[in-house]
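Subject: The structure we talked about

Hi,

Here is the structure, with its sequence, for you to open in your viewer.

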Amino acid sequence: MTGILDNPAALGGGKTENTRQRSLFLCLPSRIILNESGTSFFISQERRLHRFETADGERHYGFRFEKTGFAWLKNLLMKNYLKKIEIQVRDISACRLYVEDAVKLVFFSMFRHRINSSILEHIYGSPMLRAWNRANPKKSISPDMKISNKSFRELLESRMPGRIEELKKELLHKIIQRIPRAAIEAREDPRDIHNFVRELIGDLRSLIFFVLAGSRGEDRAALVQNISRVIIESIHRFDILNLASFLTIELVAAAERSSLVRMLGTADDVKSILESPQRRKSIMEEKRFRGATVVLALPPEIPQGSRRLRFRLSVYNDGADLEAERKLMEDFTERSYTFKDGRHLEELFRASKSGRGVYEDNGMSFYYLTILREQCGKNNIFLDASVKNSHSEKSVVTTLWFGV
């Protein structure tokens, strides 16, 4: 079954044939930049790597693709091999779905790492694991021991075939039962929440199921309750993934619009040109428009304990106006829009999916940013934003920092 990370569009409630088409590839020119672990792995596999400068002027190793598989990206994220993903965007209105999916893919992966980390704190303190370590001092299991998922999975399957899938189904059933009914009914498509939870459970470490399977009934029930609580808490962050992706689209569109307006100069029909895909494409080709670069920068390591995972989302645009871009952020600390329930957010998402906002008044960016700030504040997620020139002074950089 296709999950959220294989099909990031599912987070936005996408359906039918269009959703399935979106799930396979990121169909935009991209640089996949590896961290040290990723670089070492691919060198050991004798894979040929590109050496290039990133948008920040740093030198790294990685891959350059015109089309990238989402499933492959998911695997790199799960192994913590990625440092950055740089996506080249020439016409945001023609490829907004791909950019949304890429942001959701990275953002969801950060949530998954945090959720796994929180659950593992309960696992390492469980009676079953303490008993195992006393009985097997030379094979003790602790946060400092790096044991592959495959080892636990094979051990469990050899002794209790099919038990992992049984535990996943049991956990899914327990969690769905405990989710407030109003939270599910408020969705445009109630299956969104089910898919979200199923994907989270599917990505849990095999060690977790190894401990659940080996625990006594009472201890297992306590662990299931703790795991359920951690995952249900994460559901409150569900809309933040959508908000972050929509805001990214607005930021790219604003940078693109700013550049095109400057290129068109005093033309009388600037607005009609921007709103016409054919005329806009013609101008972009004639002026050799370079577009914007979206950079998704991941933390160098997955921290344990209370330290935050820091994720940076930046939009670089060579032709944008710095002051015009900075103006988009002026209301960041001045306005706040309050939403009393999820239905208001659903209306916002539907408006975005319909295409409104991409070349409308730039106030939409204020709107998304202030809502995103409010949602992040409610869910203890750090959020900051800035607009400045790049180190080379050739690009305007709009940046959002998230800490989860």
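In which hand of crossing does helix 3 pass helix 4? The crossing of helix 3 past helix 4 is right-handed. Please keep in mind while reading that this is a predicted model.

The chain holds 17 helices and ten strands. Of its 404 residues, 52% are buried. If you take the contacts between residues at least 6 apart in sequence, 77% of them join residues at least 24 apart.

Helix 3

Helix 3 covers residues 70-78 and helix 4 covers residues 92-124; their axes come within 10 Å and cross at roughly 25 degrees. With angles under 35 degrees counted as roughly parallel, helix 3 and helix 4 are therefore roughly parallel to each other. On the helix 3 side, the contact uses F70, L73, K74, L77 and M78, and these meet Y98, D101, A102, L105, V106, S109, R112 and H113 in helix 4. Sorted by class, this contact of helix 3 with helix 4 contains eight nonpolar, two polar and three charged residues.

Helix 11

Helix 11 spans residues 217-235, and its axis comes within 10 Å of that of helix 4, at a crossing angle of roughly 160 degrees. Angles over 145 degrees count as roughly antiparallel, so helix 4 and helix 11 are roughly antiparallel to each other. Helix 4 passes helix 11 in a right-handed crossing. Here I115, S118, I119, H122 and I123 of helix 4 are in contact with L223, N226, I227, R229, V230, I231 and S234 of helix 11. Seven of the residues in the contact of helix 4 with helix 11 are nonpolar, four are polar and one is charged.

Helix 12

For helix 12, residues 238-264, the axis lies 8 Å from that of helix 4, and the two pack at an angle of about 140 degrees. Helix 4 and helix 12 are therefore oblique to each other. The crossing of helix 4 past helix 12 is right-handed. Helix 4 brings I92, R96, V99, E100, V103, K104, F107, F108 and F111 to this contact, while helix 12 brings I240, L241, N242, A244, S245, F246, T248, I249, V252, A253 and E256. The contact of helix 4 with helix 12 divides into 13 nonpolar, three polar and four charged residues.

The nonpolar cores

How many residues does the largest nonpolar core have? It has 96, and V197, L296 and F402 are those with the most contacts inside it. Helix 4 gives the most to this core, with 15 residues. Leaving aside neighbours within four places in sequence, V197 is in contact with L172, I175, I176, I179, I231 and I235. Another core, of eight residues, lies apart from the largest one, and L260, L264, V270 and M284 are among its members. As background, nonpolar side chains tend to be buried together in soluble globular proteins.

Happy to go through any of this with you.

Best wishes

Notes:
Residues numbered from 1 in each chain as written. Predicted model: local features only at pLDDT ≥ 70, side-chain atom pairs only at ≥ 80, totals over all residues. Heavy atoms only, no water. Axes fitted to C-alpha atoms, helices over the stretch in contact; angles between N-to-C directions. Helix = DSSP H or I, 4+ residues; strand = E, 2+ residues; numbered from the N terminus. Parallel < 35°, antiparallel > 145°, perpendicular 65-115°, else oblique. Left-handed = near helix turned anticlockwise from the far one by under 90°. Contact = heavy atoms within 4.5 Å. Nonpolar A, V, L, I, M, F, W, Y, C, P; charged D, E, K, R; others polar. Core = buried A, V, L, I, M, F, W, Y, C linked by side-chain atoms within 4.5 Å. Buried < 20%, exposed > 50% of the residue type's maximum accessible area, 1.4 Å probe, protein only.
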